[in-house]
Amino acid sequence: MLEVKELWKVYGPLTAVKGVSFSLKPGDIFGFIGSNGAGKTTTIRMISTLLEPTHGTATINGADIIRDPMGVRRQIGYMPDFFGLYDDVKVWEYLDFFATIYEVPPKQRNSVIDNVLELTDLTVKRDAFVQSLSRGMQQRLCLARCLVHDPALLLLDEPASGLDPRARAELKELIIELGRMGKIVIVSSHILPELADFCNCVGIIERGEMLAFGPVNQILRQIQPTRVLAITVLDGAGEVRTRLADMPHVLAAHLEDEHHLRVEFNGDHEQQSELLAALIQANVRVVQFHEEHANLEDVFMRLTTGAVQ
Amino acid sequence: MTAWARRTVRTYFGNAAAVREYRAQLRGNRALYLWAAYLGLLILLGGLAYSQIMDNEYAQSIATLQSELNSFYSTIIGMIAAVVCLVAPALTASSITAERQRRSLDLVFSAPVPPRYLLVGKMIASMRYLMMLLVLALPVTAVCVVMGGATWSDVVGSYIVLLSSGIVFMAIGLAVSAQAPTLMSSIVNTYIGVGAYLWFTSIFGMVFLASRFGGGPLGMGSTNEAPWSVVLLPFTAAYTSPTFTIISGVEVPNWILGLVFALAFSRLLLSGAGSALSPFGSPETKSLRIHGIVFLALLGVLVAFPLSASTPFAMLGAPATGPSTQGYTFGVLVASVSMIAFWLIPALVCHAPDADRKFRYDGLFSLRQAIVGSPSGALPYLLFLWGTVVAVFVAVYAFSARAMLGVQFWQLSAWGLGFIVFWWGVARFFSSMGMNLKSARSSVIATGIVVLALPLPILSSLTFTSYGTSSPSQTSLWMLHMAYPLAPGETVYAPYYAAFLVVSGIALALAGEANMKRPRRQRRAGSAE
Ligand SMILES: Nc1ncnc2c1ncn2[C@@H]1O[C@H](COP(=O)(O)OP(=O)(O)OP(=O)(O)O)[C@@H](O)[C@H]1O
Ligand SMILES: [Mg+2]
């Protein structure tokens, strides 16, 4: 259980984070979205005890980031957006170093290292030097490092940057798997469609303020209280449009072309099915009738442009 | 307690940071070539020095030969000392800064390790290098022993003196690199720090050598009794390692005392490095503050014992002994410690609105924060330091000379207190003006230079009293008494200066408080409300 309470970070005249609060439960995969300089890294670093909040705090399973930083660190795995690896050691030695400082008992270290190498698909590189790894492999090694102590919370700051599409897909699988294992995963990213797929929860941050937080669908509904219904008819679309305009809960109906219509609708699902029934009864030859989902990108663009004064 | 023991064992044995560095060190042939080159150089230089000495045609009698061999041995030790001075700081000077620049420090500190773990790991790894340096030089020093220039116990003593210096240098490197923003500044400042340390310790070493070879008034004769601090200078290790200090009738080898000092001092430096790497209220800062007091007390004892027993050190200030002249000597020491504390004041006292919580305004004076380490605790902590020195001197003198220190001690100590309070007030005042931390600190230092250092050459050039007379020019200017009331005849005025300094320091601090209370300042502080 992660609870973030009113985190603030002030850098002189600039306030990087302005009272961010949210809470996550085990299994949650949280997508942290924001444009450059929005305050994602700052927030993540505060949660990982590397940066001192100006106000506010966060607790992870009862451990407070200010009062018990060591207790917090035992439960988190942090992957920074930029990082350097010790390049003068081998992959397994690197992981052995972290297994030791994470207090993994000596007897289990080897099997733990093998496990995380397996999980991150680096087994073949076990004896390679860290400096000989490609950027993407180093990224995965850093992730492997975060996993040696089986943390309850993973803070991944733009983990997908620098990965090829295939590695990205694998990373996604890995994160989903970690969520299934009951970990809380926080992933920050700019690449929005990527997050929408596997995050069950997103937060949009802009200029240090959390503009929206919650499950993806809920945020979509918040941002778009009216639904958009896409209707495809065999013929007579213009006629259908005038008919639709008079129907209950229909705010507006637009003609896309001679087959397609877009209807702004503010009723609930029952009223939506009544609308369809009414169309059928009126002998409109409906081919398709479905609700159009706004995607995360739309939401993001709308929310954030609104925030810029 | 068991948790503490477990943590300590974990820090010193199987330290992962040390293991990692060790693996990297052993890799490849570079280290091997380096060591071979070092050994070759040592043998070459040793051979040169040896042939120089042996070529001396007049070295025929056993006695001269013996002294030639002795000097050959001390040349070798001096050479190793030079290598230690060059290499030991380099081993650590870049370590933390390099990790910070490589961005690998965050990875380590997001794991449950205190900074101390990493610092000790680096110390252990560098220590292995240092040991290698000394061990590889063994063949050359063994030649000295075999030929009779030194005994094995001399070699052990000298090696421990060299090792102690090396430990201090490595700790200086770590302490600097924990704070330095760039590799360049880290390396430069480390060598400046090492230079300052050598400069300080060479005072002790030179006094000793002068007494040994000049046969002057210090009168050490041929016994090996000497103030312990002579072993702090590594270059003279061959001469100073056989010396001892008599403590309660026991001859304690000075290299033991030197090692104790080196360990305590490096511990202090490591706490400083740990504190710099930690946020507000960290155990590291508390440890640093407590160690600061303990170390100062230890140093006070180590200095006060030989002083009260009137060994050669008495010559630094007072030729004769007795409570009144020694009161003056000890008083000068307290005043000097207070002056050195000037360099602490910007770091301890200054606060700024944009700084970390460690350096943010939290009131004027709080006893509790003295150990936690925030600006409101600065004055109480400085007073603690001052009080520690005063108390230790009084206690040691009472113990060893069975007398109270003379009135001059109290006069000069009072002035030291005034000096501290005054500069505290200056730092509080500058900090209240809403500038950033760096500017506040440099303002204090700049003011210090203008007020303390500049008047000396300027004002003394205005007076025409020549040096060497009984009334040196500086002391005839009343203004400077405020800054240097150190002339033996002038200490009666010291309490008045002290009162003036205390009052103006408090006034400045209160003016700063008034500044802080003004709403404009608070808004500029960008507080969250
Ligand atoms: N040490 C610092 N001193 C001053 N300002 C800082 C500091 N670190 C970050 N900031 C500022 O805080 C704001 C938030 O930065 P942050 O790195 O959290 O953004 P981000 O959301 O991670 O951006 P990006 O997507 O580019 O990584 C920025 O305006 C940045 O300039
Ligand atoms: Mg970032």
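Which element gives the most to the shell around ligand 1? That's α1(A), with 3 residues, in what is a predicted model.

**View 1. Ligand 1 and the residues around it in the predicted model.** Ligand 1 is surrounded by 13 residues, and the closest include A:G37, A:K40 and A:H190. Sorted by class, that shell comes out as 7 polar, 4 nonpolar and 2 charged residues.

View 2. On its own, ligand 1 has 640 Å² of accessible area, and the protein covers 61% of that. Two elements, β2 (14–24) and α1 (40–47) of chain A, each give two or more residues to the shell.

**View 3. The open, mixed sheet of chain A.** Its 6 strands run in the order β6-β7-β8-β3-β9-β10. β6 (76–79) and β10 (209–214) of chain A are the edge strands, each with a single partner, so one side of each has no neighbour in the sheet. From one strand to the next, the twist averages 15°.

**View 4. β6(A), its parallel partner β7(A) and the helices on the sheet.** The β6(A)–β7(A) pairing spans 4 bridges, and A:M79 stands opposite A:L156 of β7(A). Helix α5 (residues 135–147) of chain A packs here, touching β6 and β7, with its direction at about 165° to that of β6(A). Helix α6 (residues 165–180) of chain A touches β3, β7 and β8, and makes about 150° with the direction of β8(A).

Definitions and conventions: Residues are numbered from 1 along each chain as its sequence is written. Chains are lettered from A and ligands numbered from 1 in the order in which they are written. This is a predicted model: local features need pLDDT of at least 70, side-chain atom pairs count only at pLDDT 80 or more; totals for chains, interfaces and linings use all residues. Side-chain values use heavy atoms; hydrogens and water are left out. Two strands pair if DSSP finds at least two bridges between them. Axes are lines fitted to C-alpha atoms, for helices over the stretch in contact, and angles run from 0 to 180 degrees between N-to-C directions. Contact means heavy atoms within 4.5 Å. A residue is near a molecule or strand if one of its heavy atoms lies within 4 Å of it. Accessible areas come from the Shrake-Rupley method with a 1.4 Å probe; for residues, only the protein chains shown count as cover. Ala, Val, Leu, Ile, Met, Phe, Trp, Tyr, Cys and Pro count as nonpolar, Asp, Glu, Lys and Arg as charged, and the others, Gly among them, as polar.
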